[in-house]
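This briefing concerns a ligand site and a set of paired strands. Please consult the sequence and the model while reading the points below.

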Amino acid sequence: MEEADAAARQAEERGRLLFAQACDFVLGAASLDGIPPAELPEVAFVGRSNVGKSSLVNALTARKTLARVSNTPGRTREINFFRLGGRLMLADLPGYGYARVSKADSARWTELIFAYLRGRPNLRRAVLLIDSRRGLMPNDTEVMDLLDRAAVSYQLVLTKADKLKPGELAKVESKTLEDSLRHGAAHPELVVTSAVLGEGIPELRSRLAALTES
Ligand code: GDP
């Protein structure tokens with residue numbers, strides 16, 4: 001038990017050190033032609049519009065304005081790349097599921113994301129964000145199918161955990177985990193986060209740091 005605790009502490013320390021390094025915006029790409037060379041291990045963040053993706057990226061990197069926290073969901077149509085300390089590339093994928101987006105735009109989203117996911121050799125993991133208050137929605141499941149088909153391993157993360165009472169949160173947690181087990185490429189674990197309280201942030205940093213080591 002003590003050994004496991006010590007290992008977990010060391011992993012968190014490696015995560016803390018990684019995310020304490022400089023994190024710089026590289027570029028935003030609206031098509032595959034514009035994406036940066038596949039030089040570093042990469043992690044992609046994906047989720048519905050307004051799920052709290054920008055807030056989470058900012059909390060991970062401890063910067064307030066790295067990823068733009070938006071009040072107009074559905075506007076970002078680019079993949080934004082951030083380089084973390086010369087060791088990890090973070091790819092912030094455009095949000096999906098915004099009601100006012102046309103069918104054509106939504107098809108373009110799927111095409112860009114699928115092409116990116118399938119053709120990115122340095123992509124180690126996708127982090128799929130789920131709003132704690134909603135749990136898995138139909139278009140989250142569609143994205144999980146997409147990830148399964150692209151054979152990208154992915155990790156589910158619940159956001160905005162501070163919005164729920166502990167009992168409600170526990171229910172969403174077990175339901176989400178149970179549903180994710182039906183998907184081939186999903187990691188059978190869930191990280192529960194709150195960008196507001198900082199909950200789950202050290203844990204997620206340590207998971208991502210581990211991807212730079214293998
Ligand atoms: P994005 O569209 O996925 O990038 O989501 P944003 O990061 O822009 O967040 C959408 C809204 O949710 C904003 O009003 C944020 O302030 C709010 N939000 C994001 N994360 C949290 C969180 O952990 N807790 C709470 N209570 N609100 C959050």
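A polar contact is a pair of N or O atoms within 3.5 Å; within protein, one atom must be able to donate a hydrogen and the other to accept it, and residues adjacent in sequence count only if both atoms are side-chain atoms. On that basis, an N or O atom in the side chain of serine 54 lies 2.6 Å from an oxygen atom of the ligand. Taken alone, the ligand exposes 570 Å², and the protein buries 80% of that; accessible areas come from the Shrake-Rupley method with a 1.4 Å probe, and for residues only the protein chains shown count as cover.

The model is a predicted one, in which local features need pLDDT of at least 70 and side-chain atom pairs count only at pLDDT 80 or more, while totals for chains, interfaces and linings use all residues. Residues are numbered from 1 along each chain as its sequence is written, and side-chain values use heavy atoms, with hydrogens and water left out.

**Ligand surroundings**

- The ligand is surrounded by 14 residues, and the closest are Lys53, Ser54, Ser55, Asp162 and Ala195; a residue is near a molecule or strand if one of its heavy atoms lies within 4 Å of it.
- By class, this shell holds 4 nonpolar, 6 polar and 4 charged residues. Ala, Val, Leu, Ile, Met, Phe, Trp, Tyr, Cys and Pro count as nonpolar, Asp, Glu, Lys and Arg as charged, and the others, Gly among them, as polar.
- A polar backbone atom of asparagine 50 is 2.9 Å from an oxygen atom of the ligand.
- An oxygen atom of the ligand also lies 3.0 Å from a backbone N or O atom of glycine 52.

- Helices (H or I, at least four residues) and strands (E, at least two) are DSSP runs, numbered from the N terminus.
- Strand β2 is largely enclosed by the rest of the structure, because 6 of its 6 residues are buried. Buried means under 20% relative accessible area, exposed means over 50%, and partly exposed lies in between (1.4 Å probe, protein chains only).
- In a regular strand the side chains alternate between the two faces of the sheet. In β2, Glu42, Ala44 and Val46 point one way and Val43, Phe45 and Gly47 the other way, and all are buried.
- β2 runs parallel to β5, to which 6 bridges join it; two strands pair if DSSP finds at least two bridges between them.
- β2 is also parallel to strand β4 (residues 88-92), with 4 bridges joining the two.
- Alanine 44 stands opposite alanine 126 in β5 and opposite alanine 91 in β4.

**Glutamate 42**

- Glutamate 42 is located in strand β2 (residues 42-47) and is buried, with a relative accessible area of 0%.
- Its bridge partner in β5 is leucine 123.
- Apart from neighbours within four places in sequence, glutamate 42 contacts residues including Phe81, Tyr116, Arg120, Arg124 and Arg125; contact means heavy atoms within 4.5 Å.

**Strands β5 and β6**

- Strand β5 (residues 123-131) is mostly covered, with 8 of its 9 residues buried.
- β5 and β6 run parallel and are joined by 6 bridges.
- Leucine 129 stands opposite valine 157 in β6, and aspartate 131 stands opposite threonine 159 in β6.
- In β6, 6 of its 6 residues are buried; Tyr154, Leu156 and Leu158 point one way, and Gln155, Val157 and Thr159 the other way.

**Glutamine 155**

- Glutamine 155 belongs to strand β6 (residues 154-159) and is buried, with a relative accessible area of 1%.
- The side chains of glutamine 155 and glutamate 189 are joined by a polar contact of 3.4 Å.
- Not counting residues up to four places away in sequence, glutamine 155 also touches others, among them Arg125, Val127, Leu190 and Arg207.
- The C-alpha atoms of glutamine 155 and proline 188 are separated by 7.9 Å, although the two are 33 residues apart along the chain.

**Positive phi values in loops**

- Most residues other than glycine have a negative phi.
- Asparagine 50 has a positive phi, near 75 degrees. Asparagine 50 lies in the loop between β2 and α2 (53-61) and is partly exposed, with a relative accessible area of 48%.
- Alanine 151 has a positive phi as well, near 55 degrees. Alanine 151 lies in the loop between α4 (138-150) and β6 and is exposed, with a relative accessible area of 65%.
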